[in-house]
Amino acid sequence: MQITITTLSDQLFTIDVSEDLELENFKALCQEETGVPAKEMSIVWNGRPLHDDKLTLKQYGIQNGEVVLVQHIRGQISHPSELPNIDFGSINLPGSGQYPSRGREDDPAFIRSMLLKDPSQIALLKERNPPLADALLSGDMVKFAKVFEEQRQSRIKEEQKRIQLLSADPFDPHAQQQIEEAIRMKNIETNMETAMEFAPESFGQVHMLYIDCKVNGHPVKAFVDSGAQMTIMSQQCAERCHIMRLVDRRWEGVAKGVGTQKILGRVHLCQIQIGNVFLQSSFSILENQPMDMLLGLDMLKRHQCVIDLKKNQLEIGTTGTITPFLGEADLPEHARLNQPGSSHNQDDDRDLAEALSKSAQESAGSSSSKTPSTRNQPSPSPHQFSEEVVSQLMKNGFSRNAVLEELRRSNGNADQALATLFSKSFSMP
């Protein structure tokens, strides 16, 4: 009969055996395929470990086409609930001397000297283990030994945890969830290693698409973004190009996407010079925008632009003008800030919540799409709000007065009122 064997390391194979084969001989066959010693092997069938090596597969009830799990258990187990006999004597504790009993593979001085001799290993270490790479390149042996020891102890603890999971009760749902998570993480690591080997370019940094242009005679590096709905310009760039006098502040509002930004107004018509041609475009002026100018979909569709990544150029269909995208060295400084390892603000969620609150307050009674005639409409009175909506918002722990106030500010928009209430509930440290 045929028995399918699987392991926790995702090995899967089928062997032909006799139903009268004893379990100890079955383990010997599995040892040839998996490399796991038969004495350290546990066979699990239908969630139940098999312990009597003298019983046959037929006596256990294993039939043709069944699937069994092979687990590697270090140490001898006398009972399924007992932990394996693990020898911790070879583990050196931190601060117990200059590592006299270690092998060379656990000696930080030896590892450090080996890495420093091979630039390719240093590059790989920077990519896969930045903390250890920083300690290595700092030139401080004590710092390197400390980081190395911390990571080694962490690996030892993870291995001990894995062994305990393998010897745990197979019917324990918590243990099974942890084993499932360990298998999932191993699959992710395998997938990442495969990607590093066969598609290393996927881990590289791709810089954005910028072109050189002029607005009102002033040079500007414009970001080409086909995912943006409208063409925008920062307030600083508009002041530099002397077009703030054309801003129509009746079009102020809030731009929402990844975060929120205040729209100061709109320049209805202005010329952009790309190469030797002049194109008409409108701009929405944003108050705090790191990019000088962003060419959005409205501009790109109006002039039938083609983004040619093969030739690395932007083709303007209405004029036939072709302009190359800028190289990385010519990009503006802010476009090069998003590098691996750069510091990230740990309070991003709170900052976003505060921005939502500020935007909701500043845009109370208005939105980016309202015209001057609708901006002066009176806000709904409290009795105009649905009691069901008010009750639903109060279930989140807010008082009735606060709910009614935010509903009034947001003109009855329950989602916007809820976002503002939550954002106000965050406290600054």
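**Exercise 1.** Leaving aside neighbours within four places in sequence, which residues is I285 in contact with?

*Solution.* The structure is a predicted model. Contact requires heavy atoms within 4.5 Å. Once the neighbours within four places in sequence are set aside, the partners of I285 are M233, S234, Q235, A238, M244, V247, K262, I263, L264, G265 and V267.

**Exercise 2.** Describe the largest nonpolar core and state which elements supply it.

*Solution.* Step one: the size of this core is 28 residues. Step two: I285 is among the residues with the most contacts inside it, together with V215, M233, I272, F283 and M293. Step three: two or more residues are given to this core by each of the strands β6 (210-215), β7 (218-224), β10 (259-274), β11 (277-286), β12 (293-295) and β14 (313-316), and by the helices α8 (235-240) and α9 (297-302). Step four: β10 provides the largest share, five residues.

**Exercise 3.** Identify some members of the second, separate core.

*Solution.* This core has 19 residues, including I43, L50, Y60 and I62.

**Exercise 4.** Examine the pairing of β13 with β14.

*Solution.* Step one: these two strands pair in the antiparallel sense over four bridges. Step two: D308 has Q313 in β14 as its bridge partner.

Key
Residues numbered from 1 in each chain as written. Predicted model: local features only at pLDDT ≥ 70, side-chain atom pairs only at ≥ 80, totals over all residues. Heavy atoms only, no water. Core = buried A, V, L, I, M, F, W, Y, C linked by side-chain atoms within 4.5 Å. Buried < 20%, exposed > 50% of the residue type's maximum accessible area, 1.4 Å probe, protein only. Pairing = 2+ DSSP bridges.
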